[in-house]
Amino acid sequence: MSSSSMLFRGGRGIRLLAFQYFPTLTTASASSSIRIVSFSSYPYPTSYKIFSSNHCTFQNIFTLSLTSPSGCGVVGCSKMASAAGGEDGHFKLSETSELIIKKGDITRWFVDGASDAIVNPANQRMLGGGGADGAIHRAAGAELREACYKVPEVQPGVRCPTGEARITLGFKLPASRVIHTVGPIYDTDKDPKASLSSAYKNSLTVAKENNIKYIAFPSISCGVYGYPFEEAATVAISTVKEYANDIKEVHFVLFADDIYNIWLNKAKELLQA
């Protein structure tokens with residue numbers, strides 16, 4: 001066990017943390033190896049994060065005590081709730097880039113809180129909506145909508161045309177940035193395959209321009225925009241394979257079992273052939 005300290009950027013500013021590393025544990029219910037970090041912080045002594053080997057965040061898992069000489073300690077287990085459960089699919093995209101497919105809640109995904117970003121399947125107004133778009137805005141807080149509102153319109157009511165991408169801070173999200181992209185409406189787009197590919201390509205381009213090394217996508221356009229899952233998975237994985245150079249890890253964080261299974265099978269087909 002070792003001790004150290006660091007500055008941590010959170011939703012309420014900069015905090016000075018004193019923390020301890022404990023041996024890795026494996027939990028059957030979370031299906032993950034956990035690196036436990038306990039710490040005291042100023043001025044919010046109960047703030048903490050616990051990291052797992054597959055980049056899940058476990059919240060409210062341990063009760064913290066500030067009675068030890070170092071001012072921190074793990075004294076008991078109170079509740080287990082993983083942010084992203086289920087098996088992970090790991091695939092090589094290149095010598096320097098990896099694709100990871102997992103089930104979970106993208107609003108709770110992060111890697112390091114500094115060089116990571118989640119992709120928001122936004123609408124052209126960029127002011128929030130339903131599905132994952134609404135969930136991301138709710139989790140990020142009102143500051144995200146305010147930041148999106150400041151993005152210049154390229155035409156009345158359009159801040160991000162279909163297939164393009166914009167970037168903002170993540171605010172209350174654990175990931176440091178949000179990359180907003182607009183996927184095609186399948187039944188009305190003239191070339192939905194090209195538009196969907198552009199959404200992934202431009203998201204990756206924006207990520208590289210902003211020194212993002214870890215990026216997490218949802219299944220863009222597979223909700224109310226009606227894109228067929230099988231075709232969407234083919235476009236997504238093929239585009240990521242082609243344009244993910246310089247990104248260390250590309251994640252797909254997929255909430256629904258059926259979409260997760262299709263993405264996983266498509267990755268095996270396209271990347272393990």
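Reader: Starting with Glu 230 and Lys 266, what do their side chains meet in?
Author: In this predicted model, the side chains of Glu 230 and Lys 266 meet in a salt bridge, with 3.0 Å from N to O.

Reader: How many salt bridges does the count come to?
Author: The count comes to 5 salt bridges. One of them is formed by Lys 103 with Asp 257, where the closest N and O atoms are 3.6 Å apart.

Reader: Where do Lys 103 and Asp 257 lie?
Author: Lys 103 is in strand 10, which covers residues 98-103, while Asp 257 is in helix 5, which covers residues 257-271, so this pair ties together parts that are 154 residues apart in sequence. Lys 103 is partly exposed, with a relative accessible area of 23%, and Asp 257 also counts as partly exposed, at 47% relative accessibility.

Reader: What about Arg 159, which residue does it form a salt bridge with?
Author: Arg 159 pairs with Glu 153, and the closest N and O atoms of that salt bridge are 3.6 Å apart. Here Arg 159 is buried, with a relative accessible area of 5%, whereas Glu 153 is partly exposed, with a relative accessible area of 43%.

Reader: Changing topic to the helices: at roughly what angle do the axes of helix 3 and helix 4 cross?
Author: The axes of helix 3 (residues 192-209) and helix 4 (residues 229-243) cross at roughly 35° and come within 9 Å. The crossing of helix 3 past helix 4 is right-handed.

Reader: Which residues in helix 3 meet helix 4?
Author: From helix 3, the residues are Lys 193, Leu 196, Ser 197, Tyr 200, Lys 201, Leu 204 and Lys 208. In helix 4 they meet Glu 231, Ala 232, Val 235, Ala 236, Thr 239, Val 240 and Tyr 243.

Reader: By class, how many nonpolar, polar and charged residues does that contact have?
Author: The contact of helix 3 with helix 4 has 8 nonpolar residues, along with 2 polar and 4 charged ones.

Note on methods:
Residues numbered from 1 in each chain as written. Predicted model: local features only at pLDDT ≥ 70, side-chain atom pairs only at ≥ 80, totals over all residues. Heavy atoms only, no water. Axes fitted to C-alpha atoms, helices over the stretch in contact; angles between N-to-C directions. Helix = DSSP H or I, 4+ residues; strand = E, 2+ residues; numbered from the N terminus. Left-handed = near helix turned anticlockwise from the far one by under 90°. Contact = heavy atoms within 4.5 Å. Nonpolar A, V, L, I, M, F, W, Y, C, P; charged D, E, K, R; others polar. Salt bridge = Lys/Arg side-chain N within 4 Å of Asp/Glu carboxyl O. Buried < 20%, exposed > 50% of the residue type's maximum accessible area, 1.4 Å probe, protein only.
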